[in-house]
Structures are given as structure tokens and as C-alpha cells.
Amino acid sequence: IFNSKREEESTQQLNGEYLSNIYLASVKDGEFDDAKLINFNINTKEENEEIVGLNSEGNIAIIYKEHYQKGAALFQSSVTEQRVEIPMKLPKSVNSKHTEIAASISSDGNKLYFASDRPGGYGGVDIYMCQKLPKGKWSQAQNLGPTINTEFDEDFPNISPNGKVLYFSSKGHTSMGGYDIFKAEYNPGKRKFGAVRNIGYPINTPEDNMNFRVSKTGRFGYISALRKGGHGDLDIYRVTFREVEPEYTVIT
């Protein structure tokens, strides 16, 4: 499941660009089939729609919807048999009067990590976390603190399938230039994420590297990037890890 701005009958031009819509490509015989627009519960002719978070089971999606007059917000939707159901707007503890544009949800659906430029952070865009409360509501947002957040922008959080590693993009820390992708491991004793590490080349380059996702098995990573030899603008790339580190393994 991915986002694209394509010339489709279901889109209209907005300021010279096509609206962003969400597409789905099924895997058949080990290869991706042609991508198709998902159902119209999500994609509309008036808004930009983007999938910004999908849990490792693939049954909970976080959707970003933006209307050029009404503003933007994050929604949660269930995914069943390759169908995305009608999304429900997330509460005010997540959506504020400011900008929330990127998110990630844990495998069990109980933790939501998202980026926001709301006041009270460490500067620019910060990463926050909400937890599902016993009665099913989301808690108030908790800033992940100065280990993760800097005076610069931190964005595009992605929690690993087992919830032990947080990947995110940052213009701070030890960036090679613009946004780089970093990782931090969760320390259960201190109940917070530890030291931040740059995941390095070839995933990070001097250009902006803003959105990195890890597959359920940890064997593959996916990144949206503008690189030489691409098809134009941002393309989706897959990286295969030679070894699957224990940190990726889902504990069942």
C-alpha cells in the first residue's frame, strides 16, 4: 500500500498538481501486480489522501487526509481482505490545531507514534507517542524527549514489528545532509528509547531520506527517495538485509 500523485479519473488538479491518492499492489507469484486505487471510502476528488502508518499485521492503517480549505488530520482505519474501511478521525490528543502528517502504529495497535509541530516541543517538528487506555481511548500525547527530538525537525516515525526499535528521519543528530534516517532501541528498564544511531549509507545519502519502513520479518526495508536512475520524482525502493538482526524479530 503506497501513495502516489497520478493522472487518474478520480483525481483533480490542485495548484498544478494531481491530488495524492492511496494505491494497492498485490503480490502474485513473487512479483507485484499492477497497482490500483483502493476503494472510495478513502480516496476522494477533493482531498489529498496518504497512508502514513500500517501495523505489521497489515490490518490497521493510519490515514492522512488534507483538504486545501478545511485543513488536515490523521484517521484510523481497519484493513480487511485488501479493503480499507471507512476511516475514523483520531481524537484531539493526536490531532491538534497544528500539523500532524506522519505516523506509525504498533503491531498490537496500542501505541501510536506521530510527528507534530505543536508548541511545547524541542524545536521544529517533534515525535510524540499516545497509548491506548484500558477503555479503548487514546492517552494524551507524550513527547519522546531530547534523546529523540532536537532543535531541528524529526519526522516519519516507524516502529519495528516487535516495538523495540524506532526508526525516524531527522535534520539533526549526525545527519549527512538534510534528512537522514536514524534508529533508537527501546530500554525497558528506563522505559524510554536509548541512544540514536544513523543507519548509514547506502540508505542514507547527502539528499533527503525521509521515509523508511521495515517489513514484518525484518528481511526487507522500503524507502521513498529521489535517486539517479529513478522514474521521476520520488520512487519506492526496497533494500534486502543480508542478515536479520534479533532486534527485528517479532516475539509471539
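This is a predicted model: local features need pLDDT of at least 70, side-chain atom pairs count only at pLDDT 80 or more; totals for chains, interfaces and linings use all residues.
Let me start with the strands, and with β19, which covers residues 180-187. On one side, β19 is joined by six bridges to strand β18, residues 165-170, and the two run antiparallel; if you want a place to look, find S169, which stands opposite I181 of β19. Strand β19 is also joined to β20, residues 192-198, again in an antiparallel arrangement, this time through five bridges, and here F182 has N198 in β20 as its bridge partner. Between β19 and β20 there are four residues, so that the two strands form a hairpin, and R191, which sits in that turn, has a positive phi of about 55°.

Now to the aromatic rings, of which six pairs turn up when the whole structure is searched. One of them is F114 with Y128, and this pair counts as stacked because the ring centres are 5.9 Å apart and the planes meet at 20°, where the limit for stacking is under 30 degrees. This pair links distant parts of the chain, since F114 belongs to strand β14, residues 111-116, and Y128 to strand β15, residues 126-131, with 14 residues separating the two. Both F114 and Y128 are buried. Elsewhere, ring pairs connect Y113, Y186 and F193 into a cluster.

Finally, which charged residues lie over the faces of W138 and F220? Over W138 it is K132, at 4.7 Å from the ring centre, while over F220 it is R238, at 4.3 Å from the ring centre.

Technical notes:
Residues are numbered from 1 along each chain as its sequence is written. Side-chain values use heavy atoms; hydrogens and water are left out. Two strands pair if DSSP finds at least two bridges between them. Rings of Phe, Tyr and Trp (its six-membered ring) pair if their centres lie within 6.5 Å; planes under 30 degrees apart count as stacked, over 60 as edge-to-face and the rest as tilted. Buried means under 20% relative accessible area, exposed over 50%, partly exposed in between (1.4 Å probe, protein chains only). A charge sits over a ring if NZ of Lys or CZ of Arg is within 6 Å of the ring centre and within 35 degrees of the ring normal.
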